[in-house]
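Here's a quick briefing on the model below. Have a look at the structure first, then come back for the notes.

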Amino acid sequence: MKSILKFGMKRRTYAEQKALWGFIYVLPWLLGFLLFFLIPLVSSLRYSFSSIEANANGMKISFIGISNYVEALTVNTSFNRTLTTSIVNMVINVPLIVIFSLFLAVLLNQKFVGRAIARSIFFLPVILASGVIANLETTSLVQAINEQNAGGAVSGLGTSELTRIMLNSGVSENVVAYLTSAVDRIYQIVSQSGVQILIFLAGIQSVSPQLYEASKIEGATGYEAFWKITLPMVSPLILVNVIYTIIDSFSRSEMTTLIRETGFTNFNFGLSSAMAWIYFLAIMVILSIITFFISKRIFYQE
Amino acid sequence: MIIARLLSLESWKRWLWTVVRLVLMAGLSFVILYPILQKISTAIKDKSDLYSPIVIFIPEHYSLDNFKKAISIMDYWHTLFNTFTLSAMTTILTAVSCAFAGYAFARLKFKGSNLLFGGVILTILVPPTTILIPIYMNLKDFSLMGLIPLLTGKSVNLLDSYWPFILTSVTANSLKAGLYIFIFRQFFRGIPKEVEEAAYIDGAGVGKTFLRIMLPNAVPAIVTVLLFSFVWQWNDSFFTTTYLTSGKVMSTQLASLPHNLSIMLEGGVATNKDPFYMSMVQDTGILLAILPLIIIYLFVQRYFVESIERTGIVG
């Protein structure tokens, strides 16, 4: 028996052996992928086209065509609004977060006193701003009152002055509104950009110092070095970070709450699946548009 | 000469930039730390300070009463132990299974492995809400594609136990596992092929090469995955509240803290139900929930910062 087995092993070439082991290593993931991802994904698609009645004997699934989708888009009162808000929020936040985290990564990469402390503070949101904590934080009454008492230590960073200056100097009103809203939501932005800063920082540090040296000898200022060296070199990471930010926004989105409520509170599984699929498709469309536009401008070294 | 250099435009620019940077860093650090400071100051306040107009940050009467209340309502020590066990368990299992899968995707190519890696990317991109309901149903009547009913006669209900977490993390499909597989794959691709080939020439099989040569070289990637997986599992409310409906872990306890608190207060003096006070205890509860993470972070933050830089996600 053993010799047969050995014989069987020996006949395999080196590459075949590696392929076999590769498959064995991937196998656990593959099983999980089928059980906990692909099958649920397919059945979620099926649910979205059917009406589901759950009773003591189990579920009765009957095909009803696209009426779940029609219901979500035309009948349900909150779906359209929630979908647009969460997508608009995403579209507004993503550029802000990416630009902000690139800026901070550049700053944190410079040498200054207290850099280690600053770094550890800026990565703190990675562990704090997620899940329940973030949800509960927004409803804290004491915090709201205290902010009032303290004269708005954080909320009122004095954007009104800035707004007046910008409006008077002829900046478009939309731009002003966008920028001031960014300042007002500074905590939200900072707290969502921890991982992105990490990724950008790693990217900046992998740029070879010779490039900077050469540019310095040629007389480039730090400002020019940023636009001509740092930005092109980290441009692939901009795409990575945009995608990460979008994925990260799932967990915070109101859509998630709505889908869950429809599914688990109202027990309308069909409608809930339909909503989830519309949300998923909308995000895929946005992702592919963004990827298409950004990947054209990305600079790859090779 | 020295004075001329001091007064030159260059040095002025440098000084100005230093000041601007300092202000920016200090300001943003304050923005990040502000909620935590706020919570700490609320938590150590006495109830009577809540309405005192002169108390904003530093309380007039210190008290640990809030902590006592929050600890007793949340069943804190028990919850802490549960959460720690759950997070540690899923973290280790996920890291192991993702390391295997990542290595296979990076180095042990077989027919269709690129297609399967596309599947990994898909798991990253699909929002978890899309598959939540079928997974829930699946776990409620878990049959393992009809195998379990064949053996025992009926399917098992895996909800409200740790099994969903164990199963998903053994099979590298737990929370954000696609990302970890991606990290491992990128890292293993960055290790020179010659290292591996040397091991093969010396007679090591695939398994031995992986365990003895590649894995010890992959410490930065392992640390990154361990850290992120632990933190995200600790904070996760999405899967935890779905799988564990009555289990005592931090995120479920936090979510139900306001409710439990109001029940407890109503049980005591009926007029005691003061929204400010409730909010105060709730803040203390949040502080207690993140406190272990902050303490751990103080020790490992060095790795946090260093690890990503060396994992080669960027490479």
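Let's start with B:Phe184: setting aside its neighbours within four places in sequence, it is in contact with B:Cys98, B:Ala99, B:Gly102, B:Tyr103, B:Ala221 and B:Val225. Being in contact means that the two C-beta atoms, placed from the backbone, lie within 7 Å. Keep in mind that this is a predicted model, where local features need pLDDT of at least 70, side-chain atom pairs count only at pLDDT 80 or more, and totals for chains, interfaces and linings use all residues. Residues are numbered from 1 along each chain as its sequence is written, while chains are lettered from A and ligands numbered from 1 in the order in which they are written.

**The nonpolar core**
- B:Phe184 is also among the residues with the most contacts inside the largest nonpolar core, along with A:Met275, B:Cys98, B:Ala101, B:Tyr103 and B:Ile181; that core has 117 residues.
- Helix H4 (residues 79-109) of chain A gives the most to this core, with 12 residues.
- A nonpolar core here is a set of buried Ala, Val, Leu, Ile, Met, Phe, Trp, Tyr and Cys residues joined through C-beta atoms within 7 Å.
- A residue is buried if 20 or more other C-beta atoms lie within 10 Å of its own, exposed if 12 or fewer, and partly exposed in between, with C-beta atoms placed from the backbone.

**Where the chains meet**
- On the A side 74 residues are in contact with 73 residues of chain B.
- Helix H2 (residues 14-48) of chain A is the biggest giver to the side of chain A that touches chain B, with 21 residues.
- That side of chain A has 50 nonpolar, 20 polar and 4 charged residues.
- For those classes, Ala, Val, Leu, Ile, Met, Phe, Trp, Tyr, Cys and Pro count as nonpolar, Asp, Glu, Lys and Arg as charged, and the others, Gly among them, as polar.

**Chain A**
- The secondary structure of chain A comes to 16 helices and 2 strands; helices (H or I, at least four residues) and strands (E, at least two) are DSSP runs, numbered from the N terminus.
- Buried residues make up 32% of the 302 residues in chain A.
- Of the contacts in chain A with a separation of 6 or more, 70% are between residues 24 or more positions apart.
- Helix H5 (residues 115-122) of chain A has A:Ala118, A:Arg119 and A:Phe122 buried.
- These three cover an arc of only 100° around the axis, so they sit on the same side of H5(A); the arc is that of the directions from the helix axis to the C-beta atoms.
- A:Ala116 and A:Ile117 are exposed, on the face of H5(A) turned away from its buried side.
- A:Ile165, in helix H9 (residues 159-168) of chain A, is exposed because it has 11 other C-beta atoms within 10 Å.

**Chain B**
- Helix H3 (residues 65-74) of chain B buries B:Asn66, B:Ala70, B:Ile73 and B:Met74.
- Those residues share the same side of H3(B) because their arc around the axis is only 90°.
- Residues 48-64 of chain B are 0% helix and 0% strand, with end C-alpha atoms 13 Å apart.
- Residues 162-183 of chain B are 68% helix and 0% strand, with end C-alpha atoms 26 Å apart.
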